[in-house]
Amino acid sequence: MLNPWLFAQDSLDNLIPVRGFCISAPRTDHLDSFIQFIDNELAPRKVNTLVLRVDWNYQYQSFPELQDSSALSESEVKQIVKTCRRHNIELIPQINLLGHQSWHSTTASLLRHFPEFNETPHIEMPEEYKWPNEDGLYCLSYCPLHPKVHDVVFAVVDEIMTVFEASIFHAGMDEVFYIGDDKCPRCRGKDKAELFAGEVRLIRDHLAQNGWEMWMWGDRLIDGATTGMGMWEASMNNTYRAIDMIPKDVVICDWHYERPDPTAVYFAMKGFRVITCPYRKPDVAVEQMNNMITWRRNSTAQMSERFRGMMQTVWSDPEVYLDQFYGKRPPRNQDENSVACFKKLFEAMNIETIE
Ligand SMILES: [Zn+2]
């Protein structure tokens with residue numbers, strides 16, 4: 001006789017193969033509570049994929065100067081690896097490449113230590129950051145054509161993949177506003193779609209040498225003007241044609257936080273596997289999940305398999321998130337926040353499979 005629980009597992013894997021959760025890696029002093037969170041909250045909800053945004057929160061050996069203060073040690077990472085393995089959770093590290101090399105008025109580690117990689121060295125970092133600003137500064141980017149940048153970037157990627165014992169790397173690459181700058185001696189005048197695609201291809205090819213798979217955010221591949229999706233969740237800086245220039249085995253994490261936009265269909269029809277990523281609106285997330293299931297059911301075998309599932313994204317500090325999760329501090333919006341969204345999405349997911 002079939003064990004009903006196993007049967008539910010089986011059909012859940014068919015309905016929503018990827019059940020993901022994406023958050024920043026915890027700081028050293030919050031590691032224990034984070035591991036308990038995996039044990040007590042992620043695993044029982046049948047999360048099977050954990051994207052951890054590590055960036056410079058690791059004690060890199062190849063370029064030790066790049067690590068943040070109080071970065072995770074190798075043995076601390078191994079505790080996360082072991083916990084995820086125990087629950088059959090695929091652990092995917094992320095270092096955000098190309099864009100997101102600064103936040104507000106703080107330059108992140110890579111460009112602080114290697115200012116020569118900066119795509120826009122003429123942009124002065126403001127003392128007090130405001131958006132919008134005259135420079136169009138959201139985050140700094142590295143120059144994808146700098147001859148030395150990949151020596152550094154790929155060394156830390158290889159190191160993080162090895163210590164995480166991972167087979168998938170998430171390269172980030174969202175919200176790249178500075179690319180092909182008119183003042184960059186290497187990039188000026190070049191097609192921004194080609195520059196973006198070139199960087200995707202280089203990272204993908206590097207990972208493929210070790211049999212590793214590449215995931216990335218999808219926003220730069222969507223035409224922001226034609227779709228009306230604008231400059232954040234889609235591209236207004238001419239990178240979107242890169243969708244036809246990058247290898248099809250890159251997995252697209254397609255984030256939409258306001259509406260259940262049907263863009264996963266676009267990626268799937270272009271030949272990409274795609275995961276839909278909500279943030280803080282529970283009803284939108286559930287609708288996105290239902291769309292995923294519908295598309296998997298209603299498509300050809302070729303298309304159906306490309307609709308991989310859902311990944312909850314969290315953009316607060318993991319410490320703050322856990323506090324909100326356990327009611328120790330209130331979320332900014334009582335109804336729409338990434339705790340409520342995660343709980344409702346995974347509740348719906350687990351009910352869906354019982355029907
Ligand atoms: Zn450049």
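The exercises below, each with a worked solution, concern a predicted model.

**Exercise 1. The zinc site**

Find the protein donors of the zinc ion and decide which geometry they form.

Solution. 
- Step 1: List the donors. The zinc ion is held by Glu-119 through OE and by Cys-143, Cys-184 and Cys-187 through SG. These atoms lie 2.2 to 2.3 Å from the ion.
- Step 2: Look at the angles. The 4 donor atoms subtend 99 to 117° around the zinc ion.
- Step 3: Apply the cut-off. Four donors count as tetrahedral if all angles lie between 85 and 135 degrees. The arrangement is therefore tetrahedral. For reference, the ideal angle for four tetrahedral donors is 109.5 degrees.
- Step 4: Cys-184 and Cys-187 are both buried.

**Exercise 2. A proline in a loop**

Locate Pro-115 and state whether it is buried, partly exposed or exposed.

Solution. 
- Step 1: Pro-115 sits in the loop that runs between helix 4 (109-113) and helix 5 (149-163).
- Step 2: The relative accessibility of Pro-115 is 47%, so this residue counts as partly exposed.
- Step 3: Compare sequence and space. Pro-115 and Tyr-142 are 27 residues apart along the chain, and their C-alpha atoms are separated by 9.0 Å.

**Exercise 3. The span of helix 9**

Compare the span of helix 9 with the expected value, then list its buried residues.

Solution. 
- Step 1: Helix 9 covers residues 282-298, which is 17 residues.
- Step 2: The expected span is 1.5 Å times one less than the number of residues. For helix 9 this gives 24 Å.
- Step 3: From its first C-alpha to its last, helix 9 reaches 24 Å, close to the expectation.
- Step 4: The buried residues of helix 9 are Pro-282, Val-284, Ala-285, Val-286, Gln-288, Met-289, Met-292, Ile-293, Trp-295 and Arg-296.
- Step 5: Recall the helix repeat. An α-helix has 3.6 residues a turn, so residues three or four places apart point the same way.

**Exercise 4. Salt bridges**

The structure holds 20 salt bridges.

Solution. 
- Step 1: Side chains of opposite charge can pair when their charged atoms come close.
- Step 2: Asp-249 belongs to the loop between helix 7 and strand 8, and Arg-204 to helix 6 (residues 192-208), so the pair links distant parts of the chain, 45 residues apart. Asp-249 is partly exposed at 33% relative accessible area, and Arg-204 is partly exposed at 21%.
- Step 3: Arg-220 has a relative accessible area of 0% and is buried. Asp-219, at 1%, is buried.
- Step 4: Lys-344 is partly exposed at 37%, whereas Asp-283 is exposed at 54%.

**Exercise 5. A nonpolar patch**

Name the residues of the nonpolar surface patch of about 290 Å² and locate Met-236.

Solution. 
- Step 1: The patch is made by Trp-131, Met-231 and Met-236.
- Step 2: Met-236 is in the loop between helix 7 (224-227) and strand 8 (251-255).

Terms used: Residues are numbered from 1 along each chain as its sequence is written. This is a predicted model: local features need pLDDT of at least 70, side-chain atom pairs count only at pLDDT 80 or more; totals for chains, interfaces and linings use all residues. Side-chain values use heavy atoms; hydrogens and water are left out. Donors are N, O and S atoms within 2.8 Å of the metal (3.2 Å for Na, K and Ca); water is not among the atoms, so sites may look incomplete. Four donors count as tetrahedral if all angles lie between 85 and 135 degrees; four count as square planar and six as octahedral if opposite donors are over 155 degrees apart and all others between 65 and 115; anything else is irregular. Buried means under 20% relative accessible area, exposed over 50%, partly exposed in between (1.4 Å probe, protein chains only). Helices (H or I, at least four residues) and strands (E, at least two) are DSSP runs, numbered from the N terminus. Patches are made of residues with over 30% relative accessible area and no salt bridge: like charges are joined within 9 Å, nonpolar side chains (Val, Leu, Ile, Met, Phe, Trp, Tyr) within 5 Å. Accessible areas come from the Shrake-Rupley method with a 1.4 Å probe; for residues, only the protein chains shown count as cover. A salt bridge is a side-chain nitrogen of Lys or Arg within 4 Å of a carboxyl oxygen of Asp or Glu.
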